[in-house]
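Here is a short briefing for a first look. Start with the sequence and the structure below.

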Amino acid sequence: MSSSLDEYPLSLKTMYDIAEFIIRAAKAIKPEQANKMISELENFYRNNRNGKVLVMGAGRSGLVGRAFAMRLLHLGFNSYVLGETIVPAIGKNDLVIAISGSGRTKLILTAAEAAKEAGAKLIAITSYYDSPLAKIADVIVEIPGRTKYSQNEDYFARQILGITEPLAPLGTLFEDTTQIFLDGVVAELMIRLKKTEEDLRLIHANIEL
């Protein structure tokens with residue numbers, strides 16, 4: 001295959017563009033923010049093993065959150081995903097991780113505010129440091145991806161109204177970058193917590209659909 005991208009189909013060019021963006025984003029993410037989130041999770045694991053970790057996100061961010069919550073479970077955390085029927089009460093010894101590119105998605109913001117009122121610690125993953133979600137968070141990780149706020153900032157409202165937007169310039173880049181970042185968080189937690197792939201495999205579901 002030619003080294004030039006000119007002959008590539010658009011699907012492969014898009015993959016290349018997204019990969020390039022993620023590399024640039026990795027250089028832009030503040031190391032101190034990433035370290036603070038990872039240290040928070042490490043300390044939580046070591047000092048609060050009975051505590052609960054609730055991961056939340058709307059739409060595709062929610063799918064990214066589900067994948068991360070699953071890996072946290074494999075690492076030995078008591079992790080849950082907002083919206084599941086088995087989510088227990090969240091309190092002052094618990095940790096909430098909220099994923100929202102805009103930091104303004106109403107469902108996530110409302111849930112995060114409720115978690116804070118209950119005394120939980122909040123980690124916000126967002127593109128906007130000055131967003132409402134970031135302003136109430138204890139730990140913020142800024143993930144590049146959104147170049148501007150959506151005209152209608154609430155994800156579910158956009159779906160109901162049938163509003164569509166270009167994928168790569170907006171949500172997709174945030175979600176793809178967040179997915180890769182959280183995979184990196186898992187990799188570092190494995191080292192810090194001295195976990196092996198076999199340790200994770202033992203906790204992985206052995207009954208699947």
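Strand S4 and strand S5 (residues 139-142) pair in the parallel sense over 4 bridges. Strands pair if DSSP finds at least two bridges between them. Helices (H or I, at least four residues) and strands (E, at least two) are DSSP runs, numbered from the N terminus. The model is predicted: local features need pLDDT of at least 70, side-chain atom pairs count only at pLDDT 80 or more, and totals for chains, interfaces and linings use all residues. Residues are numbered from 1 along each chain as its sequence is written, and side-chain values use heavy atoms, without hydrogens and water.

**Around S4**
- Ile-123 has Val-139 as its bridge partner in S5.
- Strand S3 (residues 95-99) runs parallel to S4, joined by 5 bridges.
- Leu-95 has its bridge partner in S4, Lys-121.

**Nonpolar cores**
- A nonpolar core is a set of buried Ala, Val, Leu, Ile, Met, Phe, Trp, Tyr and Cys residues joined through side-chain atoms within 4.5 Å.
- The largest one has 33 residues; Met-37, Leu-41, Leu-72 and Ile-97 have the most contacts inside it.
- Helix H7 gives this core its largest share, 7 residues.
- Another core, of 18 residues, lies apart from it and includes Val-96 and Ala-124.

**Lys-195**
- Lys-195 sits in the loop between helix H7 (168-192) and helix H8 (197-203).
- Leaving aside neighbours within four places in sequence, Lys-195 is in contact (heavy atoms within 4.5 Å) with Tyr-45, Leu-75, Met-190 and Leu-200.

Conventions: Buried means under 20% relative accessible area, exposed over 50%, partly exposed in between (1.4 Å probe, protein chains only).
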